Amino acid sequence: MSFFIKNVFYYIIFLQVYWLRKVECTDSELDAKALKNLIEYLKIPTVHPNVNYEECVIFLKKQAQSLDLPIKVLELYPKNPIVIISWKGTEPEKPSILLNSHMDVVPVVSEKWKYPPFGAEMDEEGNIFARGAQDTKSLAIQHLEAIRRLKLKGIRLKRTVHISMVPDEETGGVFGMRSFVKTKEFTDLNIGFAVDEGSANPSEKFYLYYGERTVLQIWVHCSGTTGHSSIFVPNTGAEKLRFIIDRFLDFREEEKIKYQDPNQRDNVTSINLTMLKGGVQVNVVPDVLSAAFDIRVSPFINHTKFIETIDGWLKEAGDGVNYTVISKDSPTEITKLDSSNIYWLAFKKACDENSVKLDTRILPGATDARQLRALNIPAVAFSPMNNTIPRAHANNEYLNKRVFLRGINIMMKIVEAVANA
């Protein structure tokens, strides 16, 4: 009997060692697969202004097949596919989780890059250079690979998880999320909580954004008297434009000073003068001069009163001064980061238990998350990229392979937590 027990004991030890080696090998293989998928995705040049998503969709269909998950491709506008891969939960009647990223990327100036911007080449430090490495193709792969690992571990989640890859985020989302949220197909997803794109943090911490400034982009037009430029023409558009520029940039300076205070940083409205136009010839005083301002309004100020302030500046500048809207979003509520939000509690607990230190902020730019918050869907913007210099939209955009792979494990813990909230 003792001989039998002894042999059983050794057999159990053998199985444990074998299993540990198998898991270790599997983890290594999963890492290699994730990196391969990232590089393949980054090499697809879904770049504006003439984006072709066809190759992207083929790639994502292949990913869905490898995950044994259903995929839907919606085309609300021609050649602008919305891709959704879904993992059904054990309690699918509960509100679901949405993991969102976008397929499109901004243009590149190839000669300013250290490596080809769609080559996805890795340097000796493990940095992978490509447009989309930070914004946001890496995030899509982290979402997909997190689901892959959860499934391989035999884990089942209560809530259904939808992974969406949308078009047109970089040019406003009209052909993507902005239209998608108005459809029955979106309503049928029954989204309870969403995780959208964040940004890289150069420190040990990870940025988490719980709200955004509201986009307001306008042309201010200053009409005045025209005439020969050799005389002092009265009441010119240039004089009015100078007044307007002074008012806008004086306000900008006040907000810039406020931004230096960490306690005030989230309550800042940014203004930038981005374009000037007008005039027909150098010796003719123009009848109209115009300036474009890109304004991002803090969610913590009264938007109506802010618009009234702008109207007041225009009135002060004189007659013939008005503005036209380039882009204007409606203000949306911030996502509550307190006990009223069960998803946030689960998200934060997962981060705390895995030594993921969060730096919570208002996002300076705009993402698709604003379309979700407009529907009162709580959404956070989070990309697991720390110790990384922010290079989104810049030359030599990159992501280190170790940061990328750790991000997959972080997303695993977060997805498991919020989908079981």
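Modeller: Buried means under 20% relative accessible area, exposed over 50%, and partly exposed in between, using a 1.4 Å probe and protein chains only. This is a predicted model, where local features need pLDDT of at least 70, side-chain atom pairs count only at pLDDT 80 or more, and totals for chains, interfaces and linings use all residues. Residues are numbered from 1 along each chain as its sequence is written, and side-chain values use heavy atoms, leaving out hydrogens and water.

Colleague: Is N387 buried, partly exposed or exposed, and which value decides?

Modeller: N387 is partly exposed, because its relative accessible area is 40%.

Colleague: What is the phi of N387?

Modeller: Most residues other than glycine have a negative phi, and most peptide bonds are trans. Phi of N387 is near 50°, a positive value. A120 also has a positive phi, about 50°, and is not a glycine. A120 is buried, because its relative accessibility is 5%.

Colleague: Which peptide bond ends at P49, cis or trans?

Modeller: The bond from H48 to P49 is cis, with omega near 15°. Another cis bond joins D135 and T136, with omega about -10°.

Colleague: How many disulfides does the structure hold?

Modeller: A disulfide is a pair of cysteine sulfur atoms within 2.5 Å. The structure holds zero. C222 counts as buried because its relative accessibility is 0%. C351 is buried as well, at 1%.
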